[in-house]
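These are my notes from going through one model, entry by entry. I set down what I looked up and what I found.

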Amino acid sequence: MTRTKPPLATVIDCAAAADGGSLWIQLSIGGRIRNYALNRSIASRGTPQYGEVSSEHGTLSKEEVSQLLLMLDGPQQGMCAGLVEEFVQFLKKSALG
């Protein structure tokens, strides 16, 4: 099986929630707007939901998370750079670890 390079993703917007650490990023991927949330709320700690990544279509599979990481794992610029880096580092350590 040949691995194809995922489409380029451009970070449009981002936010950190006041729930204890959840993160949200909005991307443009191949001209389409996609929203992703990383659940790190205090209420979800110690549950299977902690560390889940979801989109407007529901919880991402491990393969979908891997694809998202491939699109995001690189130098980031702009006001969301730090938040995107935190999003990526958390996923590398927990969701795929």
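This is a predicted model: local features need pLDDT of at least 70, side-chain atom pairs count only at pLDDT 80 or more; totals for chains, interfaces and linings use all residues.

I then asked which residue the side chain of Arg34 meets in a salt bridge. I found Glu56, at 3.8 Å from N to O. Arg34 belongs to strand 3 and Glu56 to the loop between strand 4 and strand 5, so this pair ties together parts that are 22 residues apart in sequence. Glu56, at 41% relative accessibility, counts as partly exposed as well.

How many salt bridges does a search of the whole structure find? I noted two, and I looked up the one between Glu86 and Arg40, in which the closest N and O atoms are 2.5 Å apart. Glu86 sits in helix 2 (residues 81–95) and Arg40 in the loop between strand 3 and strand 4, so the pair ties together parts that are 46 residues apart in sequence.

I turned next to the strands and recorded an open sheet of five strands in the order 1-2-3-4-5, with antiparallel pairing. Strand 1 and strand 5 (58–59) are the edge strands, each of them pairing on one side only.

I followed the pairing of strand 1 (residues 9–16) with strand 2 (residues 23–29), which is antiparallel and runs over seven bridges; within it, Thr10 stands opposite Ser28 of strand 2. Ser28 also stands opposite Ile33 in strand 3, and strand 2 and strand 3 likewise pair in the antiparallel sense, over seven bridges.

**Entry 6, the two hairpins.** I looked up the turns that belong to these pairings. The hairpin of strand 1 and strand 2 has six residues between the strands, and there Gly20 takes a positive phi near 115 degrees. The hairpin of strand 2 and strand 3 has two residues between its strands, with Gly30 in the turn at a positive phi of about 60 degrees.

I then went on to the antiparallel pairing of strand 3 with strand 4, which I noted over three bridges, and in which Leu38 has Val53 of strand 4 as its bridge partner. Strand 4 (residues 53–55) and strand 5 pair over two bridges, again antiparallel, and here the bridge partner of Ser54 is Thr59 in strand 5.

Which strands does helix 1 lie across? I listed strand 1, strand 2, strand 3 (32–38), strand 4 and strand 5, with the helix running at about 75 degrees to strand 2. In helix 1 (residues 62–72), I found Val65, Leu68, Leu69, Met71 and Leu72 to be buried. Seen down the axis of helix 1, these buried residues fall within an arc of 160 degrees, so they line one face of the helix.

How values were computed:
Residues are numbered from 1 along each chain as its sequence is written. Side-chain values use heavy atoms; hydrogens and water are left out. Buried means under 20% relative accessible area, exposed over 50%, partly exposed in between (1.4 Å probe, protein chains only). Helices (H or I, at least four residues) and strands (E, at least two) are DSSP runs, numbered from the N terminus. The arc is that of the directions from the helix axis to the C-beta atoms. Two strands pair if DSSP finds at least two bridges between them. Contact means heavy atoms within 4.5 Å. Axes are lines fitted to C-alpha atoms, for helices over the stretch in contact, and angles run from 0 to 180 degrees between N-to-C directions. A salt bridge is a side-chain nitrogen of Lys or Arg within 4 Å of a carboxyl oxygen of Asp or Glu.
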